[in-house]
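Open the model in your viewer and keep the selection panel at hand. The tour goes stop by stop.

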Amino acid sequence: MGKYKAKIGLEMHCEISETKTKVFSSAKNEYTEQANSNIRPVDMAFPGVLPVVNKEAVRMALMASMALKCQQPAYMYFERKNYYYPDLPKGFQLTQETKPIPVGIYGEVTFECNGEEKRVRINNLHLEEDAASLDHYDDYSTIDYNRAGVPLLELVTEPDITSAEEAVAFLEHMRSVYQYLGISEADSKKGQVRCDVNVSIMDENLDENDPHNWGTKIEVKNVNSFGGVRDAIKYEIKRQTKLKENNEYDTMEQQTRRWDEESGTTIYMRSKVDAIDYKYFVEPNIPKFKISSEWLKEIKASIPRLAYDRKKEYMTKYGLSDYDASILVKQKDISDYFEETVSLGCDAKQVANWTNGMILSYLNSKEISINEFFLNPYMLKELIDLINAKTISSKQGKEVFAKVLEKQKSPQEIVKSEGMMQITDTSELDQIIDEVIRENPEQVASYDPERPKILDYFIGQIMKKTRGKANPATASQLMKEKLNDLQK
Amino acid sequence: MKYMNKSIEELHEMLVKKEVTSAELIKESLEMSHKIQDECNAFVTILDDAQPVEVTDNLLSGIPCGLKDNYSTKDILSTGSSNTLKDYVPFFDATAVSKLKAAGAVFVNKTVMDEFGMGGTGTTGHTGTVLNPWDKTRMTAGSSAGSAAAVAAGVYPYATGSDTGDSIRKPAAYCGIVGYKPTYGMISRYGLFPFASSLDHLGVMTRNVKDAAIVVDAMKGIDKNDMTSWDSSHIHLRESLDGKVKGKKLCYVKEIVDLSNYENPSAELKEHIANFMKTVELCKSLGIEVEEVSVDKTLLNASPAVYVVISCAEATSNMSNLTGIIFGPRGQGDNYIEMMKDHRTKGFSPLIKRRFVIGSYVLQSQNQERYFRNAQRVRRLLVDAWKDLFKKYDGVILPVGSGPAKHLDGSKDILDKDTAVLEEHLQIGNFGGFPSITIPNGFISNLPVGVNITGNCYDDANVLNIAYALEEAMDYKNQIAKEV
């Protein structure tokens, strides 16, 4: 860009996918390909239906509000946003405007972008209902009401973001937050995350703190993937820069555009003067209800440590690499597994190696989650302890790992039943070594302490006789001593 | 007519003693339905295949009744008297309908109303004007027009109604019957086609107070489908009617009742007020203290405007689901906007469209503070004024309207000046969600007029009991309309 800097604000819509039912309806909140299967009369706005607030959705929204360091309201209200569209059965959407206070206002999010710490202020967070989904064909459209009424969290940031990369890093951070809170899968492939992007550019030498210098806000609607957000921002910055250079920027009106994935461009929708008046007013069918401080306390206590904090801790407290820590915190259940194993008294680096190596590749190959994984933290500790005590070798450890999963038995049981105990008893090893020496006089004669390569051969013989159970280090040490004695 | 002029308790006793069967009651009620349909145009649907129901301990079991056509009834046409729903057959019952069904009530017809309840004349339903059974040149008032006409004419002992401004209590007065809307949320609104959600009440029209208590006992109850409903299981309306009213206190509002408020009052208005004062004296003779109180006239005069602003605003939003896309006749057009426009242009009557325009206007962001929010503030002031009265009084007693039923041909009425508050004060009962009951209290020009008692929220039993005692002291209980 050079002469200009961008000011970017995001409106991130994320479905709450983890409630049993929809936000104002008793229909199932569940993603399904079977159109119009999760619906109740209220989802299609048949005459006489009424909304009933799902307390669980409110709880999750309050949890998100706290995680974003927002203020929570004393009373909960919902408002009607009135407009006509075929995906909106009632002709209004139940949502929350900023007056009365929505589920959260004035928060702040700290996240990481390319190793740098960034901050974005949150203007507000509100709980609303999703609309139905439309599919358009050549001469007709279809409506699927499964999505109508699914709880949706809309987060509105201040324009604190300065680049496409930063915007994507923020969204990835938020996805992780929602996943950690257990309120959403935040899967954009399922259409659970959708964004509107506000972009303007300003001359780099002007004061950023003065809103007059911010330029003209362009809202880009319906950006439905993180890649799309990145591309739409890049496109807008390029487009607006060109307008600046052609001296056309100042005559550009504030407007809403739409992201067109296919052409990779934004397309003019409407100007600010044509903005829809949504005629917000408080939904009279939902009495305002008090959010007790006890309930807020209870919710607060249930918030887990988030990925961002865990990663920091793994690096500073356990000395893990940025790379390892990042992998561990990517999914909360993996991170929880790691932490539980460490809490049992294992070395964090060893646990990280096992988790990020053998365990993740096993889970990926079997396409299962760690909650379905047989080898629990207690067994992982057993396995690590067996190796650390030299009862088995590290190489054997990997075999034990595979056998544990194959036979669904604990590492101890596997080692016992498979006869995999290492022979560390020197008297037993002595006998075997004597045997090997007796049987290989030529090799013994050729032994040269300066060039101990032949030792490998002897160890191989020992392993053969013990079927791999000899502790290699002990065996090697004893063998060396015997050979040296013979030479004297 | 052998049975349908009787009260619910009388009919129940006859059913229990097997002096009559449910089938015989239904037969007579259906015959009356067809007769009153011909005479008054009171019904959207007559359910000729209505089936008798087993008579149980429940007072309503086996007895015919009517439902206003904005009650969602499973497998039965429910139009709200609107062309937008002219063929709409719901697949679910309103909660109140389920409760009546469970009590053993037999539905014999769906009654005509002003379109979606948005009118007070009974003239705007899509099936045409409802005529007053006392005088076919006069209106029933509305919006529960068909229910009022049918109960007054003796089609059955009761029909349900709904009341957003006075839609039960005004037609009750014009038709000489009892109209009762209980406290907001006592009866679930689930399945009632909404007009203005914060003002909408379900209720009932009967020919005596006890019947009203019996029916609402059956309809009420907390409902998981309506967050504004509340648990009234401790309230037993019928059982609490003992007629003991000595020491009760009522008040009437000088700024509404005093003739000096009206410039050159007509003879009818004078008579109406005089008749009301007679009722007041009657109350006193029953041992009820009645006092005149004063309420700020400016505040009272604001009531009709507050009602228009709030009810139209909520209505325009509530009826945005009527697009012809999911239900109702599909509109014609090249795109969804044209289709919706066509559906709504053809479907709604001009009166409703006018109210939608008002509703949209007052909600627009540049107007909302001046109109909608101010209306909500004044609503609160009016409710507070009435709540203040309830600190001292069991209820407010006031005349209903400015006289008897108006002519359908408006040019025949002498309109008194400045009677808006007299015509519209019942709205305050909706603003506050107060229990409110109208009972007949006399005749003017051979036509019935009514008196209203409104009490504090949750005090339904007390309000009904006062009405019950007063009704007993007058001659209009159980009256059937006679053509004048």
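The stops below run from whole chains to a single residue.

**Before you start.** This is a predicted model: local features need pLDDT of at least 70, side-chain atom pairs count only at pLDDT 80 or more, and totals for chains, interfaces and linings use all residues. Residues are numbered from 1 along each chain as its sequence is written, while chains are lettered from A and ligands numbered from 1 in the order in which they are written.

**Stop 1: select chain A.** Colour by secondary structure. Chain A has 15 helices and 15 strands. Both are DSSP runs, numbered from the N terminus: helices are H or I with at least four residues, strands are E with at least two. Turn to the principal axes: the C-alpha atoms of chain A fill a box of roughly 100 × 55 × 50 Å. The radius of gyration of chain A is 31 Å, whereas a compact globule of 488 residues would have one near 23 Å. That radius is taken over C-alpha atoms, and the globule rule is 2.2 Å times the number of residues to the power 0.38.

Now colour by burial. In chain A, 41% of the 488 residues count as buried. A residue is buried if 20 or more other C-beta atoms lie within 10 Å of its own, exposed if 12 or fewer, and partly exposed in between, with C-beta atoms placed from the backbone. Of the contacts in chain A between residues at least 6 apart in sequence, 69% join residues at least 24 apart. Two residues are in contact if their C-beta atoms, placed from the backbone, lie within 7 Å.

**Stop 2: select chain B.** Chain B has 15 helices and 13 strands. Its radius of gyration is 21 Å, close to the 23 Å that the globule rule gives for 484 residues, so chain B is as compact as a globular protein of that length. Along the principal axes, the C-alpha atoms of chain B fill a box of roughly 65 × 65 × 45 Å. Of the 484 residues of chain B, 59% count as buried.

**Stop 3: show the interface.** The contact takes 34 residues from chain B and 24 residues from chain A. Select helix 9 (297-318), helix 10 (336-347) and helix 11 (350-363) of chain B, the elements that give two or more residues to the chain B side. Helix 9 of chain B gives the most, with three residues. By class, the chain B side has 16 nonpolar, 14 polar and four charged residues.

**Stop 4: zoom to B:Val280.** Find B:Val280 in helix 8 (residues 267-285) of chain B. Is B:Val280 buried or exposed? B:Val280 is buried, because 21 other C-beta atoms lie within 10 Å. Leaving aside neighbours within four places in sequence, B:Val280 is in contact with B:Tyr252, B:Val290 and B:Ile397.

Technical notes. Nonpolar A, V, L, I, M, F, W, Y, C, P; charged D, E, K, R; others polar.
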